[in-house]
Amino acid sequence: MTQSPARSFASPLPPPKERRRLRQARSLSQAEVAARVGVTPKTVHSWETGRTTPRGRRREAYARLLAELAPLDAKPEVEPEPEPEPEPEPVAEPEPAAEPVAEAEPVAELSTPTLTPAQAFDALYSFCEPSLVRQTYLLTGRRKLARESVDRAFQLAWQRWPEVAVDPDPAGWVRAVAYEYALSPWHRMRLRQRRPDAPPAAPSDRRLLSVLLSLPPAYRRTLLLHDGLGIGLPETAAETEASTVAAANRLLHARQAIAEHFPDLMDPQELRRRLTRLMKLADKERLRTAPKPVTVRISSERRAQHWTRAAIAFTILLVTATAITVKTAPSHYEPPVPPGEKIHGVPPRAVPGTLSDKEQKLRAKLKSESANGPERLIPQSH
């Protein structure tokens with residue numbers, strides 16, 4: 001049985017990690033690569049994570065694009081392709097094979113080994129953590145808060161991993177949680193947040209970061225998602241929990257505010273390039289070393305145990321207080337004591353003083369009588 005020409009002479013492709021590195025080296029988003037190849041951004045994401053492999057015409061277009069992105073002096077690694085078997089001379093002209101859809105590859109999915117939850121989480125953490133820290137730094141301008149937000153987001157993702165694992169966009173789930181935590185207004189009350197971080201060394205970068213931080217949090221987040229990461233407007237509106245019209249207005253106002261200080265950033269491509277450059281300022285040398293995935297999972301489990309024990313202790317305290325209240329509470333109705341009323345007709349209390357003549361006669365009469373009083377009366381029988 002002969003092998004199909006599309007499979008035999010498929011163009012070589014670099015490994016998934018190399019594909020993502022080439023795209024990031026040219027500051028291209030997945031949406032831009034998808035537009036040039038003719039697929040969706042989710043398909044490009046699957047190609048870069050190794051979940052699926054492009055075939056047919058899409059593979060040819062993707063291989064040409066990666067060859068253009070690769071530097072001339074460096075030869076990227078390519079996936080080993082099986083040597084084509086020698087084809088015998090065809091007796092009849094074969095029917096043209098239908099081009100398979102890149103999004104649905106049941107053969108590749110069946111051949112891929114199933115990952116454990118820990119392995120899947122570690123892969124998601126390794127893929128999203130570096131860029132997510134840079135994005136959060138661009139939102140807050142604080143390196144420690146950016147690291148803390150990303151760690152907290154991945155801890156929550158591990159606690160809710162059954163929900164995150166089946167989400168269509170796990171990276172977007174973690175990104176939304178990190179953004180929400182980083183932009184929380186409660187951080188203003190923390191003492192260590194009152195001291196600003198050291199600004200960038202370049203005056204232009206320092207000024208651009210200052211303009212970004214002066215925008216409202218919702219505008220800042222919309223600008224980063226749409227212009228910084230290249231996410232579509234409907235997806236940006238859904239992630240920011242706003243309507244498409246509201247997201248578009250926020251984006252226009254944010255661009256206008258930046259254009260007042262930087263007229264050359266009216267071009268979206270130039271603005272995206274500057275935002276990408278600004279995100280790279282939060283490199284690993286200035287940030288706390290990223291913890292390993294296993295450390296994040298252990299911290300998440302310990303945090304969950306801590307809150308579980310606290311909830312159990314609070315429940316026990318509440319049950320105990322309820323039991324004591326039931327035990328000591330009265331079992332029948334006791335009417336309240338009525339308030340005191342003023343009694344009328346009682347003569348006022350006399351003040352001690354000199355006795356009058358009448359009182360002196362009464363005192364003398366009482367003194368003259370027997371101390372035991374009158375004799376006791378004995379009833380007589382009839």
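User: Does Arg274 count as buried or exposed, and what is its relative accessibility?
Analyst: Keep in mind that this is a predicted model. Arg274 is found in helix α15, where it touches Ser204, Asp205, Leu208, Phe262 and Leu265, leaving out residues up to four places away in sequence. The cut-off for buried is under 20% relative accessible area. Arg274 therefore counts as buried, with a relative accessibility of 6%.

User: And Glu241, is that one buried or exposed?
Analyst: Glu241 lies in the loop between α13 (233-239) and α14. Its phi is positive, about 55°, although Glu241 is not a glycine. Exposed means over 50%, and Glu241 has a relative accessible area of 70%, so the call is exposed.

User: Which element gives the most to the largest nonpolar core?
Analyst: That core has 44 residues, and Leu138, Phe154, Val174, Leu212, Leu223 and Ile258 touch the most other members. Elements giving two or more residues to this core include α8 (143-159), α10 (170-182), α11 (203-214) and α14 (244-261), as well as α7 (117-140). With 10 residues, the top contributor is α7.

User: Which residues is Ile258 in contact with, leaving aside neighbours within four places in sequence?
Analyst: Ile258 is one of the residues of the largest core that touch the most other members. Nonpolar side chains in soluble globular proteins tend to be buried together. With those sequence neighbours set aside, the contacts of Ile258 are Leu208, Val211, Leu212, Leu223, Leu265 and Leu271.

User: How many residues are in the other core, the one with Val33 and Val37?
Analyst: This core lies apart from the 44-residue one. Val39 and Val44 are also among its members. The count is 15 residues.

User: How many residues of α12 are buried?
Analyst: The buried ones are Arg220, Arg221, Thr222, Leu223, Leu224, Leu225, His226, Asp227 and Gly228. Their cover includes α7, α10, α11, α13, α14 and α15. So α12 is mostly covered, and of its 12 residues the number buried is nine.

User: Which residue with a positive phi follows α12?
Analyst: α12 spans 217-228. After this helix comes a glycine with a phi near 75°. That residue is Gly230.

User: What is the volume of the largest cavity?
Analyst: Searching the whole structure at a threshold of 30 Å³ or more turns up one cavity. Its volume comes to about 30 Å³.

User: Which helix supplies the largest share of the lining of the largest cavity?
Analyst: The lining is made of Leu138, Leu139, Leu212, Arg220, Leu223, Leu224 and Leu275. The largest share is three residues, and the helix supplying them is α12.

User: What share of the accessible surface belongs to carbon and sulfur atoms?
Analyst: The accessible surface of the protein totals about 26,600 Å². Of that area, the carbon and sulfur part is 58%.

Conventions. Residues are numbered from 1 along each chain as its sequence is written. This is a predicted model: local features need pLDDT of at least 70, side-chain atom pairs count only at pLDDT 80 or more; totals for chains, interfaces and linings use all residues. Side-chain values use heavy atoms; hydrogens and water are left out. Accessible areas come from the Shrake-Rupley method with a 1.4 Å probe; for residues, only the protein chains shown count as cover. A nonpolar core is a set of buried Ala, Val, Leu, Ile, Met, Phe, Trp, Tyr and Cys residues joined through side-chain atoms within 4.5 Å. Buried means under 20% relative accessible area, exposed over 50%, partly exposed in between (1.4 Å probe, protein chains only). Helices (H or I, at least four residues) and strands (E, at least two) are DSSP runs, numbered from the N terminus. Contact means heavy atoms within 4.5 Å. On a 1 Å grid over the protein atoms alone, a cavity is a set of points where a 1.4 Å probe fits but cannot get out, and a pocket is an open set with protein on both sides within 12 Å along at least five of seven lines; lining residues have an atom within 4 Å of a point. Grid points are joined across faces, edges and corners, and a volume is the space filled by probe spheres set on the points.
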